[in-house]
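Hello,

Here is the structure we talked about. My notes follow below.

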Amino acid sequence: MMNYRKHKIKWSFLVFFTPVFLWLMLLFVIPNLELFRLSFLLMDDEGNMVFSMINYAAFFEDSVYWLTFARTVGYSLSVTVLVLIVALPVSFYITKIVKIKTSGLLMVMILVPFWVSEIVRVYGLMLLMRESGIINTILVNMGLLNEPIEMLYNDASMIMGLIYTTILFMIVPIVGVMDSLDDSMIEAAYDLGAKKKDIWRTIIIPHCMPGIMSGCIVVFMLVLGNYITPSMMGGKYSLWFTQQIYNQFIAYLNWNQGAAFGFLLLFISSFVIWAALKLTGQKLTEVVK
């Protein structure tokens, strides 16, 4: 009986593990290993592919590339901070102020826009912000504007779009952690005369730090690797590093250079996340739980 049970568990494990293993290997591990190999290859004068670091060196030699990357990282960090500032009070309101039924309804309302693809959400935001959109129409009718203004195709609209498309990924982990915070600790702090900012600084934020870091990592990586929103809302002068990668792969058909840029994006963004974890004293194993 014992041997039969072990045999059954073994086959059950293989049945469920094999599709996951094949999925990861065929669609993630093997393609990325091949791209990593391509990033170190260069065609010589005789048409042969030889090992070279030129694809990586090109990133540092041309100021357009590393300035675009620095700009992308800077804006990604800014968007992450702005999303966190918005998500913290929203998460607190959902978990600690409203009733359970209302909090469930609010979470559904936050989730609903994410039932459609990102490109549809971006188009919806663009319809609101364009010159003939709802926002301009309301402002003109209220007399706040003499004529419609162009709100799109600049850095501000791009940042707004990035916040809108990533806010859920900050709220969900913070709500999950904040919900476990004992309300009596907050009430006791109020009774002892603590100010709101002190309660947030000493009780709420330290307790929610794993959720905060988890949300920050996800949002930062999503914004850093985003292509749709910067391309559609940023305009021609709002360069994003993913657009450089896209150009190398699609426009120039230079897969070796594009692969090198892609792994540079991965390496440097991983370093930024590692530095953030070190500064906040968090461990990756705690954050990804």
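H12 crosses H13 in a left-handed sense (left-handed: the near helix is turned anticlockwise from the far one by less than a right angle; clockwise is right-handed). The model is predicted: local features need pLDDT of at least 70, side-chain atom pairs count only at pLDDT 80 or more, and totals for chains, interfaces and linings use all residues. Residues are numbered from 1 along each chain as its sequence is written, and side-chain values use heavy atoms, leaving out hydrogens and water.

H12 covers residues 241-251 and H13 residues 255-280; they pack at about 155°, axes 7 Å apart. Helices here are DSSP runs (H or I, at least four residues), numbered from the N terminus. Axes are lines fitted to C-alpha atoms over the stretch in contact, and angles run from 0 to 180 degrees between N-to-C directions. The pair is therefore roughly antiparallel (over 145 degrees).

On the H12 side, the contact residues include Phe 241, Ile 245 and Phe 249; on the H13 side, they include Trp 255, Phe 261 and Leu 265 (contact: heavy atoms within 4.5 Å).

Leu 253 sits in the loop between H12 and H13. Its phi is positive, about 55°, although Leu 253 is not a glycine. Leu 253 is exposed, at 64% relative accessible area (buried is under 20%, exposed over 50%, partly exposed in between; 1.4 Å probe, protein chains only).

Tyr 153 also has a positive phi, near 60°. Tyr 153 lies in the loop between H6 (134-141) and H7 (155-166), and is partly exposed at 46%.

Val 122 belongs to H5 (residues 118-129). Val 122 is buried, at 1% relative accessibility.

Best wishes

Note on methods:
Helices (H or I, at least four residues) and strands (E, at least two) are DSSP runs, numbered from the N terminus. Angles under 35 degrees count as roughly parallel, over 145 as roughly antiparallel, 65 to 115 as roughly perpendicular and the rest as oblique.
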